[in-house]
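Thanks, everyone. I have one model to show today, and I will go through a few local details in turn. Please have the sequence and the structure open.

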Amino acid sequence: MTNLHLLHRPRRLRKNSIVRNMVAETHLSKDMLMYPYFVMKGKGIQNPIAAMPGIDHFSPDTLVRDIEPLLKRGINKILLFGVGDTKSDMADSAYNDNSAVPTALRLLKATFGNDLYVATDVCVCAYTTHGHCGVLAHDHILNDESVVLLGKMALTHAQAGADMVAPSDMMDGRVGHIRHVLDNAGYSETALMAYSIKYASAYYGPFREAADSAPQKGDRKGYQMDFRNPNESMREAMLDENEGADVLMVKPALAYLDIIHQLRQQTHLPVACYNVSGEYSMLKLAAQHQLINEQNLVMENMYAFARAGANIIITYHAKDIVLQEWL
Ligand code: PBG
Ligand code: ZN
C-alpha cells in the first residue's frame with residue numbers, strides 16, 4: 001500500500017454520512033420555508049400555471065384543501081398573491097375587501113386559525129391596467145400617491161386577518177407609511193416583511209404570466225433596484241429597517257447570494273430570500289428533461305441560501321420538499 005504520510009487528510013471527516021452530518025456547518029429546517037400561493041375568486045378552481053410546472057391558481061376553497069397536507073408535513077407559513085381581480089388605473093380592487101386575497105384570508109383564518117401563518121404580498125401591479133407597481137402619470141410612477149394605495153392595501157389585508165404584510169413595490173417610504181397606517185388602525189401586531197433589496201430582474205418572467213402583472217409599456221427599472229449596486233442595496237435595506245420593517249428580504253436569491261451574505265452581516269433583523277419564479281421554472285424544466293436530479297439540485301440550492309445567511313427561504317419548491325420528504 002502506498003502511504004504518502006500526509007498529516008492532513010480532510011477525507012477522514014467525509015467517510016460516511018454520520019461523520020459528514022456531525023461536521024456539517026449549515027442546517028436547514030422546515031421552519032425556514034415559506035410557500036407562495038396564487039389565489040383568485042371563485043369556487044372549485046385549481047388551474048395549472050403553464051409557466052410554472054407544479055404551481056396552480058386556486059380559489060379560496062381549494063386553497064384550504066391544498067394546504068392541509070402541507071400543514072401536516074410542517075409547512076405552516078404561506079405568502080399569498082391575488083390574481084384575476086378587476087384592473088383599473090388606480091388599482092381600486094387592490095384594497096377592495098371582496099377581492100381574492102382578503103376573501104381567502106378570512107376563510108384561511110376561519111379554518112386554520114393560528115396554526116397557519118399567512119403573509120400577503122402588497123403591490124398593485126396585478127390590479128393596475130398598465131401593470132406597473134404604482135400610480136402612472138405620463139410614463140412616470142408617482143411615488144407618494146403609490147405609497148398611499150399600498151397603505152390602504154396593507155390595511156385591508158390586516159383587517160382580513162393577515163399575520164404579516166410584505167410590500168414588494170419598491171416605492172420610497174412605503175415601509176414607514178404602512179407601519180404608520182397599521183398602527184393607527186390598531187394593527188400594531190401585524191408584522192411587516194419588506195422586499196428590501198428587490199432587483200429589476202428577468203427572473204420574474206414566469207410570475208408575471210401567473211399573476212398577469214407584466215407592465216404593458218416600459219420596465220420596472222425606475223423603482224426596482226439596479227443589480228450592479230451592492231452599496232445602494234445595503235442603503236435600501238437600512239432605510240427599511242429604520243422605517244420599522246420586521247424582516248428584510250433579498251430577491252431574487254440564486255444570483256444574489258453575495259447580497260444575502262452581506263445583508264446578514266449588516267443587520268440584526270431576520271433576513272429572508274425569495275427563490276423566484278424564473279429560478280424555479282428553469283430548474284423544473286431541466287428536471288423534466290432529465291438534465292439534472294431535481295431533489296439534489298433543489299436541496300443544494302436551499303443549503304446555498306442558508307449558508308449565505310438567509311433565515312427565511314420563500315420558495316415554490318417547499319411543497320415538493322415536504323411532500324417528498326427531501327428534508
Ligand atoms: C409584485 C411581485 C413580483 C414578484 C413578487 N411580487 C413581480 C414583479 O415585481 O414583477 C416576483 C415573484 C416571482 O418571480 O416569483 N411586485
Ligand atoms: Zn408590483
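A polar side-chain atom of Lys 41 sits 3.0 Å from the backbone oxygen of Asn 98; a polar contact here is a pair of N or O atoms within 3.5 Å, where within protein one must be able to donate a hydrogen and the other to accept it, and residues adjacent in sequence count only if both atoms are side-chain atoms. This is a predicted model, in which local features need pLDDT of at least 70, side-chain atom pairs count only at pLDDT 80 or more, and totals for chains, interfaces and linings use all residues. Residues are numbered from 1 along each chain as its sequence is written, chains are lettered from A and ligands numbered from 1 in the order in which they are written, and side-chain values use heavy atoms, with hydrogens and water left out.

Lys 41 belongs to the loop between β1 and β2 (46-48); helices (H or I, at least four residues) and strands (E, at least two) are DSSP runs, numbered from the N terminus. Its relative accessible area is 45%, so Lys 41 is partly exposed; buried means under 20%, exposed over 50%, and partly exposed in between, with a 1.4 Å probe and protein chains only. Beyond neighbours within four places in sequence, Lys 41 has contacts (heavy atoms within 4.5 Å) with Asp 85, Asn 98, Ser 99, Ala 100 and Thr 103.

Ala 100 takes us to helix α3, residues 100-112. Its 13 residues reach 18 Å from first C-alpha to last, close to the 18 Å expected at 1.5 Å a residue, the expected span being 1.5 Å times one less than the number of residues. Among the buried residues of α3 are Ala 100, Leu 105, Leu 108 and Phe 112. Their cover includes β1 (33-39), α2 (60-72) and α4 (143-160). After the helix comes Gly 113, with a positive phi near 55°.

Now the zinc ion, ligand 2. Which protein atoms are its donors? They are the SG atoms of Cys 123, Cys 125 and Cys 133, at 2.2 to 2.3 Å; donors are N, O and S atoms within 2.8 Å of the metal (3.2 Å for Na, K and Ca), and sites may look incomplete because water is not among the atoms. Along the chain the spacing is C-x1-C-x7-C. The 4 donor atoms subtend angles of 100 to 119°, so the arrangement is tetrahedral; for four donors, that requires all angles between 85 and 135 degrees. Cys 123 is buried at 3% relative accessible area, and Cys 125 is buried at 10%.

Last, ligand 1. One of its oxygen atoms is 2.6 Å from a side-chain N or O atom of Lys 198.

Note on methods. Tetrahedral: all angles 85-135°; square planar, octahedral: opposite > 155°, others 65-115°.
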